[in-house]
Structures are given as C-alpha cells and as structure tokens.
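Please work through each task with the sequence and structure at hand before reading the solution.

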Amino acid sequence: MIFFFWRGFGFLVFVFVFGFSLVANIIVNSATGGKAYWNAHKWPFDLSLLLAATACWFLGQFLNKQKARILIDPKTGKEVVLRKTHTFFGIPMMWWGPILAGCGLIALVVGFLT
C-alpha cells in the first residue's frame with residue numbers, strides 16, 4: 001500500500017510554510033545586508049509561520065465550502081454525500097491554521113522571553 005502524506009490540496013500546507021519562510025528569509029537578508037540577522041533572530045521565521053497559518057485557514061475554509069456530490073444508495077434509498085478532502089498528515093488543511101499559529105505564537109513568546 002502506498003501511503004500519501006496529503007490528499008487533495010493538502011500539500012499546500014508544506015508549500016505555504018516553506019514559501020512564507022523563504023520569502024521572509026529573502027526580505028530579512030536583503031533588508032539587513034546578510035544572513036547574520038536571520039541566523040541570530042528567530043522572530044522572522046515565527047512571523048512567517050503565522051502568515052502560513054492564515055493562508056492555510058482561509059484556503060482550507062474555502063475548499064471545504066466547495067459543492068459536495070450527493071448520491072442515492074440504490075439499496076437503502078439514503079443519500080450519500082461525497083466531498084473531496086484536503087488533508088496533510090491526516091489533518092484537514094483548515095486545522096493546520098491553528099496548529100501553525102500556535103507554534104508560531106509559542107515560538108515568538110519563548111524567543112522574546114529568552
């Protein structure tokens with residue numbers, strides 16, 4: 001059996017986290033003149049996690065509102081609702097928003113307290 005880490009557009013969770021952190025790295029490096037600031041300070045990465053969390057939450061909600069396909073079971077006559085899922089490691093894309101936001105907020109607080 002082949003195990004996939006995502007279903008539907010769930011792979012976008014990884015793309016958002018990687019993409020936002022890459023953009024944050026490029027912006028910080030260009031604004032400060034080198035990699036020293038990025039390596040010494042973790043708040044830009046933490047902020048990129050919060051941005052990725054926002055993107056995951058809103059895109060996940062949008063994808064969950066897509067029309068479902070309703071079929072009638074011929075044996076029982078009951079309706080069966082088919083909806084495409086968008087998961088990453090079995091967790092729906094929408095719920096990666098709070099997970100990433102929590103990680104980002106905890107990292108920000110720990111970074112500022114230390």
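**Exercise 1. Determine which residues of helix 1 are buried and what they pack against.**

Solution. Step 1: the buried residues of helix 1 are Leu 12, Val 13, Phe 16, Ser 21, Ala 24, Val 28 and Asn 29. Here buried means under 20% relative accessible area, exposed over 50%, and partly exposed in between (1.4 Å probe, protein chains only). Helices (H or I, at least four residues) and strands (E, at least two) are DSSP runs numbered from the N terminus. The model is predicted: local features need pLDDT of at least 70, side-chain atom pairs count only at pLDDT 80 or more, and totals for chains, interfaces and linings use all residues. Residues are numbered from 1 along each chain as its sequence is written, and side-chain values use heavy atoms, with hydrogens and water left out.

Step 1: these buried residues pack against helix 2, helix 3, strand 4 and helix 4, where contact means heavy atoms within 4.5 Å.

Step 2: check the length of the helix. The 21 residues of helix 1 should span 30 Å at 1.5 Å a residue, and the end C-alpha atoms are 29 Å apart, which agrees. The expected span is 1.5 Å times one less than the number of residues. Just after helix 1, Gly 33 has a positive phi of about 85°.

**Exercise 2. Describe how helix 1 and helix 3 cross, and classify the residues in their contact.**

Solution. Step 1: the two axes come within 8 Å and cross at roughly 145°. Axes are lines fitted to C-alpha atoms, for helices over the stretch in contact, and angles run from 0 to 180 degrees between N-to-C directions.

Step 1: the crossing of helix 1 and helix 3 is right-handed. A crossing is left-handed if the near helix is turned anticlockwise from the far one by less than a right angle, and right-handed if clockwise.

Step 2: the contact of helix 1 with helix 3 comprises 15 nonpolar, 2 polar and no charged residues. Ala, Val, Leu, Ile, Met, Phe, Trp, Tyr, Cys and Pro count as nonpolar, Asp, Glu, Lys and Arg as charged, and the others, Gly among them, as polar.

Step 3: on the side of helix 3, the buried residues include Ser 48, Leu 49, Ala 52 and Cys 56. Helix 3 has 22 residues and reaches 31 Å from its first C-alpha to its last, close to the 32 Å expected.

**Exercise 3. Give the angle and axis distance for helix 1 and helix 4, and list the residues in contact.**

Solution. Step 1: helix 1 and helix 4 pack at about 35°, with their axes 10 Å apart. Their crossing is right-handed.

Step 1: helix 1 contributes Leu 12, Val 13, Phe 16 and Val 17, while helix 4 contributes Met 93, Trp 96 and Leu 100. By class, this contact of helix 1 with helix 4 has 7 nonpolar, no polar and no charged residues.

**Exercise 4. Identify the residues that touch the most other members of the largest nonpolar core.**

Solution. Step 1: in this core of 13 residues, they are Val 13, Phe 16, Cys 56, Met 93, Trp 96 and Leu 100. A nonpolar core is a set of buried Ala, Val, Leu, Ile, Met, Phe, Trp, Tyr and Cys residues joined through side-chain atoms within 4.5 Å.

Step 1: helix 1, helix 3 and helix 4 each supply at least two residues of this core, and helix 3 gives the most, with 6 residues.

Step 2: leaving aside residues up to four places away in sequence, Phe 16 touches Ala 52, Ala 55, Cys 56, Leu 59 and Met 93.
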